[in-house]
Amino acid sequence: MSPVQIGAVAPDFALPTLDGHMIRLSGYRGQRLLAFMWASW
Amino acid sequence: MELQRSLADFAANDVAVFAISYDGIDVLASFAEKHGIGFPLLSDEDSHAIRALGLLNDRLEELHAFYGVTTRDDMHGVAHAGTFALDAQGIVTDKRFLGSYRVRETGAAVLERSFGARGSVRGPEARAQGPGVAVRAYLDEAHYRFFQRLWLTVDLQIETGLHVYGRPIPDGYVPLSIDVEPVDGLVVGDREGPAPQPFRMDRLDEAFVVYSGTATFALPLTFTKRAGDLVVRASVRYQACSATDCLIPTTLQLELPLSQINHVDAEI
């Protein structure tokens, strides 16, 4: 699968937060966003 | 990356922040509590978002070996470490995956390079004044970690009516150079900055490119050894000229002290 491309719309997804809510990427439309990919170790 | 420490700068520039990892919610909850994380940590335990984004890292064993983590069968699915930036329409505007999973940038560097916004300068700052040019240099953090990338930013304020030379340059002239004194384990990357502009001197056939007004340059500094507390010594060499005269070539020295810190686990 090709990585997110500059200039393209990022594929949407929904993921749970610590308090059990779901956050959807498309829910951030209207605001700039930084997504940080990491692991706890 | 010290995102948490830069959170106010992101908010001030209207940039939302979240983090995605393949850790379970329990792991993330204890991490968030321990480190006082104030932005969403999203759990992608089965890595479906990481896969959809095409950011699955297939070098898991190597990563775990580096961090001293034992690989279990249920741990496959880690993402490549890095950031991507979206605009208000959800379009990807920047990706910062540095190739080596060990190299990390600061939040201030990401804010500036992905969103064009200057955050608070937390690092040391030094100023110097030479003929025709004032220089301000700073680092984006006051400390470094093993394999962290800091940016050395150098602002030049060139007096009106003067310019300094860029490259390429005819023999006999002094181009702008920004150098960092060698430190064991410190890797200095290529200089970023504006392109110099063409300039023609009266009565001379030679072609020049020059900087004038305000020009900001940045050099990536990657610390590949634990070199302890140290001083980054930068030198800025230039010659300022007008259309008719040149001032004496000058080297300005700037000293920026940095301390080393060790906690890898406080990086977010």
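**Stop 1: a mixed sheet in chain B**

Select strands E8, E18, E16 and E11 of chain B in this predicted model. These four strands form an open sheet, in the order E8-E18-E16-E11, and their pairing is mixed. Colour strand E8 (143–144) and strand E11 (177–180) of chain B separately: they stand at the edges. Each has a single partner strand, so one side of each is left without a neighbour in the sheet.

Next, select strand E16 (residues 230–238) and strand E18 (residues 250–260) of chain B, which pair in the antiparallel sense over nine bridges. To examine one bridge, display Leu230(B); its partner in E18(B) is Leu258(B).

**Stop 2: the loops beside this sheet**

Select Phe147(B), in the loop between E8 and strand E9 (148–158) of chain B. The phi of Phe147(B) is positive, near 65°, and the residue is not a glycine. Most residues other than glycine have a negative phi, and most peptide bonds are trans. Is Phe147(B) buried or partly exposed? It is partly exposed, because 19 other C-beta atoms lie within 10 Å, whereas a buried residue requires 20 or more.

Then select Arg167(B) and Pro168(B), which are joined by a cis peptide bond with an omega of about 0°. Pro168(B) is placed in the loop between strand E10 (163–165) and E11 of chain B.

**Stop 3: an antiparallel sheet in chain B**

Select E13, E14, E10 and E17 of chain B. They make an open sheet of four strands in the order E13-E14-E10-E17, and the pairing is antiparallel. Which strands stand at the edges? They are strand E13 (197–200) and strand E17 (240–241) of chain B; each has a single partner strand, so one side of each has no neighbour in the sheet.

Now select E13(B) together with strand E14 (residues 207–211) of chain B: four bridges join these antiparallel strands. Within this pair, Gln197(B) stands opposite Val210(B) of E14(B).

**Stop 4: the two domains of chain B**

Colour chain B by its domain assignment, which gives domain 1 (3–115) and domain 2 (125–263). Eight residues of domain 1 of chain B are in contact with eight residues of domain 2 of chain B. On the side of domain 1 that touches domain 2, strand E5 (104–105) and H5 of chain B each supply at least two residues. The residues of that side of domain 1 divide into four nonpolar, one polar and three charged.

Stay with helix H5 (107–115) of chain B. How many of its nine residues are buried? Seven are, and H5(B) is therefore mostly covered. The buried residues are Gly107(B), Ala108(B), Ala109(B), Val110(B), Leu111(B), Ser114(B) and Phe115(B). H5(B) is followed by Gly116(B), whose phi is positive, near 65°.

Ser47(B) is not a glycine, yet its phi is positive, about 65°. This residue counts as partly exposed because it has 19 C-beta neighbours inside 10 Å.

**Stop 5: chain A**

Select chain A, which has zero helices and three strands. From the N terminus on, its elements run β-β-β. The C-alpha trace of chain A spans about 35 × 30 × 20 Å along its principal axes. Of the 41 residues in chain A, 27% are buried.

Display Gly20(A), found in the loop between strand E1 (14–16) and strand E2 (22–24) of chain A. Gly20(A) counts as exposed because it has 7 C-beta neighbours inside 10 Å. Draw a distance from the C-alpha atom of Gly20(A) to that of Arg32(A): these residues are 12 apart along the chain, and the separation is 24 Å.

**Stop 6: where the two chains meet**

Finally, show both chains. The contact takes 55 residues from chain B and 32 residues from chain A. Among the elements that give two or more residues to the side of chain B touching chain A are helix H1 (3–12), strand E1 (15–21) and helix H2 (25–35) of chain B. The largest share of this side, seven residues, comes from E1(B). By class, the side of chain B that touches chain A has 37 nonpolar, 11 polar and seven charged residues.

Strand E3 (residues 32–37) of chain A pairs with E3(B) in the antiparallel sense over five bridges. Display Ala35(A) and Phe84(B), which are bridge partners.

Terms used:
Residues are numbered from 1 along each chain as its sequence is written. Chains are lettered from A and ligands numbered from 1 in the order in which they are written. This is a predicted model: local features need pLDDT of at least 70, side-chain atom pairs count only at pLDDT 80 or more; totals for chains, interfaces and linings use all residues. Two residues are in contact if their C-beta atoms, placed from the backbone, lie within 7 Å. Ala, Val, Leu, Ile, Met, Phe, Trp, Tyr, Cys and Pro count as nonpolar, Asp, Glu, Lys and Arg as charged, and the others, Gly among them, as polar. Two strands pair if DSSP finds at least two bridges between them. A residue is buried if 20 or more other C-beta atoms lie within 10 Å of its own, exposed if 12 or fewer, and partly exposed in between; C-beta atoms are placed from the backbone. Domain bounds come from an automatic or database domain assignment.
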